[in-house]
Structure formats: C-alpha cells, structure tokens
Amino acid sequence: MKEGELLLRLRSRGWRITPQRRAVVTVLERGARHATAEEVHTAAQFIVPEISLATVYNVLTELVEMGEVAEVRLGRGATLFDVNVAKHYHCICDTCGRIADVPVADQNCCMDLPELAACCCVAESIEVIFHGHCAGCAPKA
Ligand SMILES: [Zn+2]
Ligand SMILES: [Zn+2]
C-alpha cells in the first residue's frame, strides 16, 4: 500500500482526520502491518507524543468497524491489526517471527467453511497459518 492511500480513502469517506487518527493511519501505512495495538501506540508516539493507548485502541476499532483494517489472531497471540483487508493467509517465520501475507488467488475459492466442521463446533471462520522461514532466516544450502 502506498503511503497516503488509506488516509485519502478515509478522508473521502468523510472521516475527520485528527492528528491522533492521522498518526495511527500513518503507522499502519508505513508498514507496521500485523502490529499489536501496543506496537502501533509505540510508533504513533513518535508522531504525536501525547497519544494514549486508549486513543490508539479507539482509532483501530473504528477502522476495523469501517472495514479498512482487519483484526487478525494468529494462534493464541495478541490481536494484530492488518491493513490488508483482502482475504489472505499468513506465513510465520519460526525464527524471527516475521509475518508475511499469503495472497489467495481466488477470493471466493475453496476455503469456505466445511459442513463437517459442525461435528465438533460451530465454525465461524477459517484461519490458515503457514509456518516456515523467511528469506533472511532460511538455512543456506
Ligand atoms: Zn525470519
Ligand atoms: Zn495479513
């Protein structure tokens, strides 16, 4: 995502851009993808030093409600905020923890909820997590 793209879209939706909101969006756009609210807060403080964690939470929650940011839970970890709202899976590097997006070619493809999921629970969503190593951590042959 190009910097400013999300901000422009939000502005065109009539979202009032306060310095706090702008800071949160800028942090997300600069590549803090898959960041926890705490991580967004830490980075946003470089832009607006007085921004509170509660404000960051509120802005993130608003963005999620608007469908501009996705909430991602990988395993039992903390909730991450993801600017990629297209359907995709995640690949986690087991060495450095880097999270990469795995695009889904067909947004309507295969990963519909299986009917058999009803045998053990009522499934409401599917999450696919690939584990491996990123380019930097892959063992050299
Ligand atoms: Zn890695
Ligand atoms: Zn993602």
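What follows is a chat about a predicted model of a protein.

Trainee: Let's go to H2. Which of its residues are buried?

Mentor: Arg-21, Ala-23, Val-24, Val-25, Val-27 and Leu-28.

Trainee: What covers them?

Mentor: The cover includes helix H1 (5-12), helix H3 (37-44), helix H4 (53-65) and strand S2 (79-82).

Trainee: Pick one for me. Where is Val-25, and why does it count as buried?

Mentor: Val-25 is in helix H2, residues 19-29. It counts as buried because 27 other C-beta atoms lie within 10 Å, and the cut-off is 20 or more.

Trainee: Leaving aside sequence neighbours within four places, which residues is Val-25 in contact with?

Mentor: Leu-6, Leu-7 and Leu-10. Take Leu-6: it's 19 residues from Val-25 along the chain, yet their C-alpha atoms are separated by 7.3 Å.

Trainee: How about Leu-28, which residues is that one in contact with?

Mentor: With neighbours within four places set aside, Leu-28 is in contact with Leu-6, Val-40, Val-69, Phe-81 and Val-83. So Leu-6 turns up in the contacts of both Val-25 and Leu-28, going by the C-beta criterion of 7 Å.

Trainee: Which residues of the largest nonpolar core touch the most other members?

Mentor: Of its 18 residues, those are Val-24, Leu-28, Val-40, Ala-44, Val-56, Leu-60 and Phe-81. H2, H3, H4 and S2 each supply at least two residues of this core, and the largest share, five residues, comes from H2. In general, nonpolar side chains tend to be buried together in soluble globular proteins.

Trainee: And what share of the protein's residues is buried?

Mentor: Of the 141 residues, 16% are buried.

Trainee: Back to helices. Which residues of H3 are buried, and what do they pack against?

Mentor: The buried ones are Ala-37, Val-40, His-41 and Ala-44. Viewed down the H3 axis, those residues fall within an arc of 100°, so they line one face of the helix. They pack against H2, H4 and S2.

Trainee: Switching to strands. How do S1 and S2 pair, parallel or antiparallel?

Mentor: Antiparallel, over four bridges, with S1 covering residues 70-73. The two strands make a hairpin with five residues between them, and Gly-75 in the turn has a positive phi of about 60°.

Trainee: Which S2 residues do Val-72 and Arg-73 face?

Mentor: Val-72 stands opposite Leu-80, and the bridge partner of Arg-73 is Thr-79.

Trainee: In what order do the three strands of the open sheet come?

Mentor: S4-S3-S5, with mixed pairing. Strand S4 (99-103) and strand S5 (129-132) are the edge strands, each pairing on one side only. The twist averages 30° from one strand to the next.

Trainee: How many bridges join S3 to S4?

Mentor: Five, and the two strands run antiparallel, with S3 spanning residues 88-93. One pair to look at is His-90 and its bridge partner in S4, Asp-101.

Trainee: Last one, Cys-134. Where is it, and which residues is it in contact with?

Mentor: Cys-134 is in the segment after S5. With neighbours within four places set aside, it's in contact with Cys-93, Cys-96, Arg-98 and Ala-100. Ile-92 is 42 residues from Cys-134 along the chain, and their C-alpha atoms are separated by 7.8 Å.

Trainee: And why does Cys-134 count as partly exposed?

Mentor: Because it has 16 C-beta neighbours inside 10 Å.

Notes
Residues are numbered from 1 along each chain as its sequence is written. Chains are lettered from A and ligands numbered from 1 in the order in which they are written. This is a predicted model: local features need pLDDT of at least 70, side-chain atom pairs count only at pLDDT 80 or more; totals for chains, interfaces and linings use all residues. A residue is buried if 20 or more other C-beta atoms lie within 10 Å of its own, exposed if 12 or fewer, and partly exposed in between; C-beta atoms are placed from the backbone. Two residues are in contact if their C-beta atoms, placed from the backbone, lie within 7 Å. Two strands pair if DSSP finds at least two bridges between them. Axes are lines fitted to C-alpha atoms, for helices over the stretch in contact, and angles run from 0 to 180 degrees between N-to-C directions. A nonpolar core is a set of buried Ala, Val, Leu, Ile, Met, Phe, Trp, Tyr and Cys residues joined through C-beta atoms within 7 Å. The arc is that of the directions from the helix axis to the C-beta atoms.
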